[in-house]
Amino acid sequence: EPTAQAARADAPATAAGPMPPESGPEAPPEPPREPAPHYFSFAGDGTEFFGVYIVGIVLSVLTLSVYYPWFRAATLRYLYEKTELLGSRWTFIGSGREMFVGYVKFLMIAGALYALYTGSLLWLQNDPQMAGVAMLLIMVAFFGYLTLGPLAIHGVLRYRLSRSVWRGIHAGYVGRFGPLFGHLIGGQFLSYISIGIYYPTFQADLYRYLLPNLRFGSLRPVFKGTSDELWAGYRTYYLMIVGAIVGLIFISMLSAVLGPVGAVLLILFILVMVLLV
């Protein structure tokens with residue numbers, strides 16, 4: 001009886017008996033772990049791929065580019081079958097016939113725009129009184145050509161990714177044409193007027209838009225790169241191009257003043273002095 005009274009005094013009683021003692025503070029949840037990285041590997045052979053590539057080039061030339069869609073399908077099929085992820089190879093299930101249909105559509109649109117441009121230009125030259133209408137048609141053809149490139153890229157992304165399969169899982173592209181057109185046209189324009197300096201930023205913005213609009217099953221990739229990282233690899237190439245352009249201008253100016261022989265001798269003298277220093 002004293003023991004029972006002590007138990008009733010120390011712990012509150014319930015219908016099922018004394019309540020269990022209160023537990024201590026809960027441990028903080030563990031931070032989410034980063035998933036383990038998985039890398040692509042390529043098992044192709046340069047000699048083998050060269051055979052596929054050179055045969056496709058020759059047949060495309062001999063058939064006046066009619067064979068080109070089958071050539072692209074063969075190269076994509078080879079590259080996919082040699083690309084591995086987690087022990088499984090990718091598969092490209094597209095065909096040259098499907099790509100030929102899109103290729104013909106592209107050529108028809110490009111041909112129609114070219115015919116519109118040349119016809120409007122001839123109309124402007126032969127009938128100056130209709131200059132307003134002719135200029136309007138020329139502008140329509142010009143903006144059509146601006147749209148043609150992004151439209152082709154949009155169509156290629158939708159088709160090629162829908163034919164990309166890994167372990168029975170299909171990839172895809174769900175982006176819209178309007179934002180893609182804005183990124184391409186705006187980025188190319190700024191790259192031109194900045195003499196290529198804006199190009200890494202353009203590429204980073206484009207990848208940042210494209211990758212979240214790709215899907216692989218229920219997954220969406222994310223681009224975490226920056227324009228500074230792209231610029232680090234682009235800088236050498238950019239400086240080489242700029243140096244070549246400046247060098248050509250410098251040689252042209254020297255040739256105009258000193259003649260070709262004098263320009264060559266002066267350039268050799270400068271190179272020798274630089275090496276000696």
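Colleague: Which element supplies the largest share of the lining of the largest pocket?

Modeller: α5 (131-162) does, with four residues. This is a predicted model: local features need pLDDT of at least 70, and side-chain atom pairs count only at pLDDT 80 or more, while totals for chains, interfaces and linings use all residues. Residues are numbered from 1 along each chain as its sequence is written, and side-chain values use heavy atoms, leaving out hydrogens and water.

Colleague: Why is it called a pocket, not a cavity?

Modeller: On a 1 Å grid over the protein atoms alone, a cavity is a set of points where a 1.4 Å probe fits but cannot get out. A pocket is an open set, with protein on both sides within 12 Å along at least five of seven lines. Lining residues have an atom within 4 Å of a point. Here the volume is about 1100 Å³. That is the space filled by probe spheres set on the points, which are joined across faces, edges and corners. Of the 28 lining residues, F40, L85, W90, F216 and P221 are closest to the centre.

Colleague: How do you know how many of these lining residues are nonpolar?

Modeller: By class. Ala, Val, Leu, Ile, Met, Phe, Trp, Tyr, Cys and Pro count as nonpolar; Asp, Glu, Lys and Arg as charged; the others, Gly among them, as polar. That gives 21 nonpolar, four polar and three charged residues.

Colleague: What is the volume of the second largest pocket, and which residues are closest to its centre?

Modeller: About 660 Å³. It has 19 lining residues, with G102, Y103, F106, A152 and V156 closest to the centre. α5 gives the most, eight residues. The classes are twelve nonpolar, three polar and four charged.

Colleague: T147 is in helix α5. Why is T147 called partly exposed?

Modeller: Its relative accessible area is 27%. Buried means under 20%, exposed over 50%, partly exposed in between (1.4 Å probe, protein chains only). So 27% makes T147 partly exposed.

Colleague: What makes a set of residues a nonpolar core?

Modeller: They are buried Ala, Val, Leu, Ile, Met, Phe, Trp, Tyr and Cys residues joined through side-chain atoms within 4.5 Å. The largest one has 20 residues; W90, F92, M99, Y173, L180, L206 and L210 touch the most other members. α7 (199-210) supplies the largest share, four residues.

Colleague: Is L64 buried or exposed?

Modeller: Exposed: its relative accessibility is 71%, over the 50% mark. L64 lies in the loop between α2 (46-62) and α3.

How values were computed. Helices (H or I, at least four residues) and strands (E, at least two) are DSSP runs, numbered from the N terminus.
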